[in-house]
Amino acid sequence: MAVNWGSMEEFLSQCKQSGDSAYGALRSLLQRLEDPKTRTEARIFLSDLQKRFDSKEDSDQCLQTFHFHIQDIHLEHYEGYQRRKKLTMMVIPSIFIPEDWSFTFYEGLNRHPDSIFKDKTVAELGCGNGWISIAIAEKWSPLKVYGLDINPRAVKISWINLYLNALDENGQPVYDEEGKTLLDRVEFHESDLLSYCRDHHIELERIVGCIPQILNPNPDAMSKMITENASEEFLYSLSNYCALQGFVEDQFGLGLIARAVEEGIAVIKPLGIMIFNMGGRPGQGVCKRLFERRGLCVNKLWQTKILQASDTDISALVEIEKNSPHRFEFFMGLAGDQPICARTAWAYGKAGGRISHALSVYSCQLRQPNQVKVIFDFLKNGFHDISNSLDLSFEDESVADEKISFLAYLASVMKKSSFFPYEPAAGSKRFRNLIAGFMKTYHHIPLNVNNVITFPSRAVAIENALRLFSPKLAIVDEHLTQHLPRHWLTSLAIENTETDKLSEDVLTVIEAPRQSDLMIELIKKLKPQVVVTGMAQFEAITSSAFEHLLDTTREIGSRIFLDISDHFELSSLPSSNGVLKYLAGTPLPPHASIVCGLLKNQVYSDLEVAFVISEEETIFKALSKTVELLEGNTAPISQYYYGCIFHDLLAFQLAGRHLPSEREGVKMKSGEMIGFASSAISVLDHAELSITETDNSSLVHMDVDQSFLPIPSAVKAAIFESFARQNIAEAEIDVTTSIRQCIKRNYGFPTVSETEFIYADCPLPLFNKLVLCCIQEGGTLCFPAGSNGNYVSAARFLKANSVIIPTESDVGFKLTEKVLTKTFETVNKPWLYISGPTINPTGLIYSNKEMENILNICAKFGARVILDTSFSGFEYDPRGQDDWHLEQSLAKLNSSAEPSFCVSLLGRVDFKILTGGLTFGFLVLNQPSLVETLHSFSGLSKPHGTLKYTVKKLLDLREQNAGGLLYAISEQGKLLESRSKRLKEVLENCGWEVLEAHAGVSMVAKPSAYLGKNVTLEKDGTTFKATLDDSNIREAMLKATGLCINSASWTGIPGYCRFTIALEDSEFECALDCIVRFKNVVKT
């Protein structure tokens, strides 16, 4: 309420009534100060008021009697100081009264050079009566100071104090040397920390803060509404206590500081500085870590001891000590130098003793401002909890640069994208472009994206290359053989190489020393078809050893894969490398490829990715297909990580400045060179692998087993946290218990202590290891017609003896006991691959009883069963489904079955916890002999610890029904069911016969209305003519509409094509439109 008074006595009479009345009178005085017409008179009134109580005794009495007082704060005493030496300030009981706490803070600010605030935009948090904001403006001439406080009364009194000092005793403006007054430089606003600056889009260059660092002993008190009409006691408590803020630092009373720092990161300019007053009660290490783990470099400006304010209750700190091992630091008096804990300090204080604590002023600046800002911008959008796990503190600057840069990139990807995008089998185009760019810029080698293929690891790249060529004899550097199949290294088939009686199924690897002269001697004597070698350190400096190897292998017709991993440096000053020097001037010959494993990051040990360089198009395409057939893909996160390193090394370079040198043409004169293995050619030519976009095309993929549905927040949080944390305990990445619970709950699958759990980036490489076990045992791998086409092709590529078990449409192309029995009667050592409960590609479901009957037949014949659950987890109507309970049935079967009978469970967790393109495969084995055989094939690319952390956290969240994950899974299940119905309707309207799906992410349909139709399509200057059948309809749809589907060649079901539905919303709508457009194309 406004207060009317005319004389000094009337004003004081009003103030004397109560603190609230005094505040009302002062607020009325402020209104007069704000009005230019009454400003001079009001300022003179303040001068008279100050003279009325000019002695210290009178001023103190004024506070007791009239609930305000005016005092002088002396700023500088040193000789030669030209500016005003004191400020005149008013205080009232409901706001923070300047004392040692804030005086020490100002002393710390004084330790900065004078330029620290000059012409800068500054915010002071917890400004109280505004004296520090005004002092900063007076001494350092900033562009603007925003004094901010959550206490509305503090803001009003600060404005009064601004007028007190901006105008002289006669009410006239006081100008500085730039012709400005304090009114030009300072503003005060009610604000919860930096909310005013954030809401008004004010970018700051300096943030200073002297804010509470003790939790209120009465937490309920902090939940009250903060208004200027609140009680004086409550408003005053805001300057002493803070509430819980949801930060890990709350346990030390530093939660409000933590929130201020994170809000400051959002609004401060990249080169800005934050300065905070920090009570030393939690210990100096805790105080510094608050800043460092958020990516700030810290400098302690000033430290002293001050007496603990007698009106501050430290019992909350005693309670923290009671419940944690942490001990706070207090001292007995100002002279004490031995710290005592909060409990001792509390007791000493209660007994009349004076306690003190250290008080420090910290100045901090963002280490990598732009990147750290991106990280916190991501975290503030629903990921606040992760900030408690974030740790950006590093002793090594280069480690900090690498990790912060990656986290910023990951944060930007997570914020912008709702899923991991489709990437071609050769690897992310962005990543391959960056590798090629690095080679161009730093080594002057004119590579492009189609010269680079990525692999999960170097070992995988080497094994895939050997399988692609399947040489009778290969010589491999002894340092590179440790992950090759054991039987390759023990075969003695070399004795028969001259007779040419061997089939290409026998692959013999001879280990060789790395030294080039010895390697060349072996090559000349043994004449291998493939050579895989690295180079000794002393030979890698020049290109002569490499050229000698190239010449020797070319002369005898050997393919050579040269590993440069040990000599390849991710650095802006890479050391001399003879191989890359050679490639700068000469193209890589067709018989040679370069292999490079990237495992040299400084932050995440064992995070690996590899790439192969080939300038031969056929090699590039074939190796790319081996990735899709044998590995599924290369983990996107690994490509993101190393892509960030390449990007940072290229980002500061001027485009076009480092042009590749002219290269001489290759003079080809070589012996007859080994080609791809005939089995590999057959599979690669006929396998229906994913279609890769050209530069000017955009395809809609209904042909890949990847979810492009939105990734829930809980998943994004877990992924980011896995990379943000440091020192993750082994137990936090041990996924076995979580996987064990998952398969028991979902399938009733039995496990014991001897059960082996094996993990990979996706299920396909695990399946392929089982295929190799089948081959090793001389088994026959049986696929029901209507199995995953990629798995069938992979088995054929690995040269497994395989058969297709016919299935019938009247049972939804499910496997039946009768047909299975008939098949097993005709094959030797049967192995059965079966997908369930959800069948890929049909989307039908095997019931518990159906699976029991199938397993019963398998047990009778002693078959080994690969039960693939990878595509299960999205049943459209789970209430109507018969849950699997395999434990009891398997226990009965194991007791009576043939000894060779066993069931191996294959699975993936991405569909179960919605990780999008981030996959995690697992294999559960209960048969010891099978475990031993599988481990003899050691070249398995294992998932990195960060992925294990993510998967474990999400599986545990799902088990606990926490984080909204189950709800997100339920919603996506409903979405898939809705899409399945829509797709069925559109297909049927366009002349397709649809087999209705009940689960999963795919369905099959027969193009009945199109079979036998003649089509002619013109595209990009080429003509496609065909009579449509269940195989070429894929190519026809692709050329006509850009829609990618799987034909009957992939599904294995005559006449039926597959469509996947886990697409991004707009892509799904586009896919439906393509189906309709294709109908119209064929009609016309």
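In what order do the 7 strands of the open sheet lie? The views below start there, and please keep in mind that this is a predicted model.

**View 1. An open sheet of 7 strands with mixed pairing.**
The strand order is β19-β25-β24-β23-β22-β20-β21. At the edges sit β19 (756-760) and β21 (802-805), each of which pairs on one side only. Direction ignored, neighbouring strands of this sheet are turned by 20° against each other on average.

**View 2. Strands β20 and β21, with helix α29 lying across them.**
Strand β20 (residues 780-784) runs parallel to β21, and 4 bridges join the two. If you look for Pro-784, you will find that its bridge partner in β21 is Ile-805. Helix α29 (residues 789-797) lies across β20 and β21, and also across β22 (830-835), β23 (864-868) and β24 (902-908). The helix runs at about 160° to β20.

A search of the whole structure turns up 0 disulfides. As a reminder, a disulfide is a covalent bond between the sulfur atoms of two cysteines.

**View 3. Phe-720 in the largest nonpolar core.**
This core has 229 residues, and Phe-720 and Trp-992 touch the most other members. Which helix gives the most to the core? That is α16 (residues 397-416), with 11 residues. Leaving aside residues up to four places away in sequence, Phe-720 touches Ile-375, Phe-378, Leu-379, Ile-386, Leu-390, Leu-407, Leu-410 and Ala-411. Another core, of 69 residues, lies apart from this one; among its members are Leu-466, Ala-610, Val-612 and Leu-770. In soluble globular proteins, nonpolar side chains tend to be buried together.

**View 4. Helix α16, mostly covered.**
Of the 20 residues in α16, 15 are buried. From its first C-alpha to its last, α16 reaches 29 Å. That is close to the 28 Å expected at 1.5 Å a residue.

Terms used:
Residues are numbered from 1 along each chain as its sequence is written. This is a predicted model: local features need pLDDT of at least 70, side-chain atom pairs count only at pLDDT 80 or more; totals for chains, interfaces and linings use all residues. Side-chain values use heavy atoms; hydrogens and water are left out. Two strands pair if DSSP finds at least two bridges between them. Axes are lines fitted to C-alpha atoms, for helices over the stretch in contact, and angles run from 0 to 180 degrees between N-to-C directions. Contact means heavy atoms within 4.5 Å. A disulfide is a pair of cysteine sulfur atoms within 2.5 Å. A nonpolar core is a set of buried Ala, Val, Leu, Ile, Met, Phe, Trp, Tyr and Cys residues joined through side-chain atoms within 4.5 Å. Buried means under 20% relative accessible area, exposed over 50%, partly exposed in between (1.4 Å probe, protein chains only). The expected span of a helix is 1.5 Å times one less than its number of residues.
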